[in-house]
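This briefing is meant to be read alongside the sequence and the coordinates, with the points grouped by topic.

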Amino acid sequence: MEFVLLIFLPILAAFFVPLLFKKIKGIHTGWFVLLVPIALFIYYLGFVTTTLDGGTAVSELRWIPSLGISFVSYIDGLSLLFTLLITGIGALVVLYSIFYLDKNREKLNNFYVYLLIFMSAMLGVVQSENLISLYLFWELTSISSFLLIGYWNTRDRSRFGALKSMMITVFGGFMMLGGFILLGIMGDTYSIRELIAGSSALVGQDFFTLALVLILLGAFTKSAQFPFHIWLPDAMEAPTPVSAYLHSATMVKAGLYLVARFTPIFAVSEVWVWLVTGIGLLTLFWGSLFAVKQTDLKAILAFSTVSQLGLIMSLLGASAVAYHTDDALFKFAAFAAIFHLINHAVFKGSLFMVAGIIDHETGTRDIRKLGGLMSIMPVSFTVAFIGSMSMAGLPPFGGFLSKEMFLQSMLALQHFELFNFATWGIVLPVVAWVASVFTFIYSFYFVFKTFTGKQKEKPLPHTPHEAPFGMLISPVILASLVVAIFFIPNVVGKWLVKPAVVAIQPDLYTQPSDVAVHVLAWHGIRSEELWMTIALIIVGFIMYLTMHKWQKLYDIQPEYVSLNALYDAVMTFSEKGMNGLSRFYMTGLIRTYLLYMFAFIISITTATLFIKKAFVVDMNSFAPVSVYGMMIAIILVIAVGMVIFAKTRLSAIIALGAVGYSVALFFVIFKAPDLALTQLVIETVSVALFLLAFKHLPALSNHGETKRTKLVNAIIAAGVGITVALVALSAHSQKLIPSISQYYKDTVATEAGGGNIVNVILVDYRGFDTLFEIAVLSIAGMGVLAMIKLRLSRKENTDENK
Amino acid sequence: MELIMAIVIGILFMAAVYLILSRSILKIIIGTGLLSHGAHLLILTMGGLGGIAPPVLADGVTDYADPLPQALILTAIVISFGVTAFILVLAYRTYAEHKTDNMNLMRGNDEHD
């Protein structure tokens, strides 16, 4: 079977969800949905044996072959790992949501449709081998995430959070598309495998660094890296199963996946190593620092997610160093990154579910109102304890192992002697250590402030009690995994991590068994990272105990100098700024718009004329000046002056008539008898028309025009006049080809049997012009008639908007 | 002669634009009239003012004026006449409805955006 089609299975299933929801009222719709991720999980488990030996599986569905765009499902260690996370945690989350969302009160049809779309999109992101289809699925995750965050769309904060995440991730998505297209241009293919194979030819090309930065922007916005992390805490307005699934375990790791996937292409670049490592560490530090400030359980977890994503990101950056040196010290950063990625997905999922349980059973998530829940909710407490301790990096939980490897990698970086790491490298372990201390503090803060101590005097919205059994299944399974990973890290390493590492660093290894990393819980008494861990436990514990004293320090930072305030300011500024700009130039006055047009005509035309050196006057081609011509020109100019300076309507019309008759005289002396005739007749009729109409119109008036506006008008008018004159002169002086009129003159008698060349052109050679000129006249006549006869009453004629 | 014609055309355009930029609807219509005169003369001048005889076949004449611009102008004259007639009636109706010929007062408001 073409397993690429399985990517679309969730979307296909989504079509049946509304039907099931409407028709089968007795059973929670989630039970049907649950089958999809379970089936997919079991199916994809079958690939583990393939990737174990470094094998891959490819399945292609051609979409737009002529442009090289197709859906290609490519399964190697990395994409399989993500696929299993998506389907596995997806199944647990669906199970959890069955008990979390009430089937009578919630719009489950919407919820599960969005969730299934998201699942498809996410599978597509991690399995896509084609850049364009990867981008397609990438944006689909943004859209489905937007829908899920705004699931309770009657709440203001949900809509705000949804919009914010949409703006930031779609911004990054667009940047990423730019990077993809640049890569496609450089490598002449959209296939990632082919790009990796030809990556050596890409280095040093013009767009290489630009493509690198653009793709990183996409990864950083999606994975909530500094300073784009601000959308993640606001996305916590989503239902908790969504937060657990999208905003801790899967979608936010899409950026990490992207970085890991493109490491073989970009790792040779210094910019890549520094950006990924640096931003990752900064995010780690920033997220952990601000997690302690939060009072909402989910906000603590959101900042903790940001921080942990930064940790994994920095490890991926460090893994790129392995492309520059053979030192074995740098080789296991990639292993550590993937290992922690698994760890984080597992424990963060369980922690979110616990936060959801607390919210569900007590009615609040505010940590200041909670306390002493340990004896009431023992199972939730155990799960939360295991998850938090793993997050803090304590034995005997999975997080301890990844924390050790993380510190080891950061310590190793200072020995790296390229890209100035020898000078600045010392900063990295220090920042990592401080961030780990804060991680320790917020982990303790999260679990102990909620579950230990005394219950608060103020009663909680609901009487707290343990969650129903069904809601506890998923978190308990995840918590058991957290413990299991600690005891069997090398099994996990062999089956899942090492194949993924080979995908990240294909140049270094040929098959997974070459990855010489053996995870040890005990590194010996002399190892640096052990002492760092002990020190951070001591410092962290002291700081946790004295927390009530220094937590107030966070209040020093005023609200208006935060990144959120910056985002808000940018949004308001762009809206108000654009509004103001439109109001500034769109005055509603026709004169203003005409001024813009004329000013642009003048500047563009004259600039072109002189820049392109097109202004040439060839006096020799001119016809001789005739006395009559001079006289008529003088009369015409005088008449024009009279039109402008006329005080009454009548003199203006007569002067206009004088202009028309002088034009007719020009036609006479320039040998155009038909024109002269027409002009005389039409000028007469026009003057009559003017006289007729002006009887009903008011007297000429300036309507209070100031000298200033008149001056501006005069300047623009002079500009247009001069421009036209210059264009006329130079156009006449440079005729590139002779006129086609010689043909008309030669054939008018033989072909058309006429003598008046102008008339024969009008009705014979170019009769179509005449046909439609007649049409214009008839339409004008009908228009005049309609305007005079047709009177819709004012009331019926009002605006449709009203 | 073309130089003089170019100046005349320039003056016609200048006057036309000046009137079109004014606030009175009447002046705008007069301005469009001047503008079409300018355009017609421009076409004629661009075709060249040479040629001894008008473009009507006659024995012994070989140097006719260029007939094509003349045909074009003839079409243009008729069309501009139709349009002028139309906007004259339009102005008449506008004045009848709004009791003003001041363009500054005919700018709509926010509800009409």
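The model is predicted, and every value below is computed from it.

**Salt bridges**

- Within helix H7 of chain A, which runs over residues 156–187, Arg159(A) and Asp156(A) sit 3 residues apart, about one turn of the helix, and their side chains meet in a salt bridge with an N to O distance of 2.5 Å.
- In this pair, Arg159(A) is partly exposed at a relative accessible area of 42%, whereas Asp156(A) counts as exposed at 56%.
- A salt bridge of 2.6 Å, N to O, also brings together the side chains of Asp234(A) and Lys164(A); because Asp234(A) belongs to helix H11 (residues 231–234) of chain A and Lys164(A) to helix H7 of chain A, the pair ties together parts that are 70 residues apart in sequence.
- Both of these partners are enclosed by the cut-off of under 20% relative accessible area for a buried residue, since Asp234(A) has 10% and Lys164(A) has 1%.
- Through shared partners, salt bridges join Arg157(A), Lys164(A), Asp234(A) and Glu237(A) into one network.
- Asp102(A) and Arg105(A) form a further salt bridge, with their closest N and O atoms 3.8 Å apart; Asp102(A) is partly exposed at 29% relative accessibility, while Arg105(A) is exposed at 71%.

- Strand E1 (residues 57–64) of chain A pairs with E2(A) in the antiparallel sense over 7 bridges, and among the bridge partners are Ile64(A) with Ile69(A) and Glu60(A) with Val72(A).
- The two strands form a hairpin with 4 residues between them, and in the turn Gly68(A) has a positive phi of about 70°.
- Strand E2 of chain A, residues 69–75, is largely enclosed by the rest of the structure, because 7 of its 7 residues are buried.
- In a regular strand the side chains alternate between the two faces of the sheet.
- In E2(A), Ile69(A), Phe71(A), Ser73(A) and Ile75(A) point one way and Ser70(A), Val72(A) and Tyr74(A) the other, with all of them buried.

- H10(A) is mostly covered, with 12 of its 15 residues buried; the buried residues include Phe208(A), Leu212(A), Ile215(A), Phe220(A) and Lys222(A).
- After H10(A) comes Ala224(A), whose phi is positive, near 55°.
- At the start of H14(A), a side-chain oxygen of Ser269(A) comes to within 3.1 Å of the backbone nitrogen of Val271(A).

**A nonpolar surface patch**

- Met578(A), Leu581(A), Phe584(A), Tyr585(A), Met586(A), Tyr596(A), Phe600(A) and Ile604(A) form a nonpolar patch on the surface, and together they have about 890 Å² of accessible area.
- Helices H25 (563–585) and H26 (590–611) of chain A each supply at least two residues of the patch, and the largest share, 4 residues, comes from H25(A).
- Met578(A) is found in helix H25 of chain A and is exposed, with a relative accessible area of 52%.

Technical notes:
Residues numbered from 1 in each chain as written. Chains lettered and ligands numbered in written order. Predicted model: local features only at pLDDT ≥ 70, side-chain atom pairs only at ≥ 80, totals over all residues. Heavy atoms only, no water. Patch = residues over 30% accessible without salt bridge, like charges linked within 9 Å, V, L, I, M, F, W, Y side chains within 5 Å. Areas by Shrake-Rupley, 256 points an atom, 1.4 Å probe, with all protein chains shown as cover. Salt bridge = Lys/Arg side-chain N within 4 Å of Asp/Glu carboxyl O. Buried < 20%, exposed > 50% of the residue type's maximum accessible area, 1.4 Å probe, protein only. Polar contact = N/O pair within 3.5 Å; in protein donor to acceptor, adjacent residues only side chain to side chain. Pairing = 2+ DSSP bridges.
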